[in-house]
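Me: I should like to learn how to read the features of a protein model. Please take me through them in turn.

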Amino acid sequence: MTFEAALISELAAAIPALGGRIYPVSAPEANRNGGTPYAIVVSSEGLRDKTLDGYMDSKSVPGEINIIAPSYSTVRAITKQVVALLIGMEQRTIGSDGPFIEELTYEQPVELYEEKPDMYRCLIEFTAYFDEEGSNP
């Protein structure tokens, strides 16, 4: 299971308020009455660590989670759950058979109001560090 798939699986299982509405990179047009709250997950293949002997199996993967909801209180409540989930991913395998996360750091969540869709958003940037081979210590 890829890191992104494992992260989406973790979010779906841990945060029922999202109702499974977790999308990679972008979300479909959301319906204000039935399509929110939702989350958008962005990640990449990351950057593999390198020594004088060449590239290693370990790497760092930067990512972000955007939480979108019609109310500020909902965004705050889900943000709290997402941060707790991210912190809890250290030193364990995520998803059903995803990578073993050795370390995870996150930045201060940034809260925004988006006037055009009349929605609140919180952006949480993070970096996960793990072994590409997924070896569990």
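Me: Which residue of E8 does Glu64 stand opposite?

Reply: Strands here are DSSP runs marked E of at least two residues, and helices are runs marked H or I of at least four, numbered from the N terminus. Two strands pair if DSSP finds at least two bridges between them. In this predicted model, Glu64 stands opposite Glu125 in E8. The two strands, E4 and E8 (residues 119-131), run antiparallel and are joined by twelve bridges.

Me: How many bridges join E2 to E4?

Reply: Strand E2 (residues 38-43) is joined to E4 (residues 54-69) by six bridges, in the antiparallel sense. Val41 has Ile65 of E4 as its bridge partner, and Ala39 has Ile67 of E4. Ala39 also stands opposite Ile22. That bridge belongs to the pairing of E1 (residues 22-24) with E2, which run parallel and share three bridges.

Me: How many residues lie between E3 and E4 in their hairpin?

Reply: Two residues lie between E3 and E4 in the hairpin. Strand E3 (residues 47-51) pairs with E4 in the antiparallel sense over four bridges. Arg48, for example, has Lys59 in E4 as its bridge partner.

Me: In what order do the elements follow one another from the N terminus?

Reply: The order is α-β-β-β-β-α-β-β-β-β.

Me: How is the length of helix H1 to be judged, and which of its residues are buried?

Reply: The expected span of a helix is 1.5 Å times one less than its number of residues. For H1 (residues 3-14), with twelve residues, that gives 16 Å, and the end C-alpha atoms are 16 Å apart, which agrees. A residue is buried under 20% relative accessible area, exposed over 50%, and partly exposed in between, using a 1.4 Å probe and protein chains only. The buried residues of H1 are Phe3, Ala6, Leu7, Ile8, Glu10 and Leu11.

Me: Which residues have the most contacts inside the largest nonpolar core?

Reply: A nonpolar core is a set of buried Ala, Val, Leu, Ile, Met, Phe, Trp, Tyr and Cys residues joined through side-chain atoms within 4.5 Å. The largest one has 29 residues, and those with the most contacts inside it are Phe3, Leu7, Leu11, Ile65, Val82 and Leu86. At least two residues of this core come from each of H1, E2, E4, helix H2 (72-88), strand E6 (100-106) and E8. H2 gives the most, with six residues.

Me: What does Phe3 touch beyond its neighbours in sequence?

Reply: Contact means heavy atoms within 4.5 Å. Leaving aside neighbours within four places in sequence, Phe3 is in contact with Ser43, Val61, Ile94, Pro99, Ile101, Phe126, Ala128 and Phe130.

Me: How many aromatic pairs does the whole structure hold, and how is a pair classed?

Reply: Rings of Phe, Tyr and Trp (its six-membered ring) pair if their centres lie within 6.5 Å; planes under 30 degrees apart count as stacked, over 60 as edge-to-face and the rest as tilted. A search of the whole structure finds five such pairs. The rings of Phe3 and Phe126 have centres 6.2 Å apart and planes at 55°, so this pair is tilted. It links distant parts of the chain, with Phe3 in H1 and Phe126 in E8, 123 residues apart. Both residues are buried, and together with Phe130 they form one aromatic cluster.

Me: Are Glu90 and Ser96 buried, partly exposed or exposed?

Reply: Glu90, in the loop between H2 and strand E5 (92-93), has 33% relative accessibility and so counts as partly exposed. Leaving aside neighbours within four places in sequence, Glu90 is in contact with Ile101, Glu103 and Leu104. Ser96, in the loop between E5 and E6, is exposed, with a relative accessible area of 65%.

Notes
Residues are numbered from 1 along each chain as its sequence is written. This is a predicted model: local features need pLDDT of at least 70, side-chain atom pairs count only at pLDDT 80 or more; totals for chains, interfaces and linings use all residues. Side-chain values use heavy atoms; hydrogens and water are left out.
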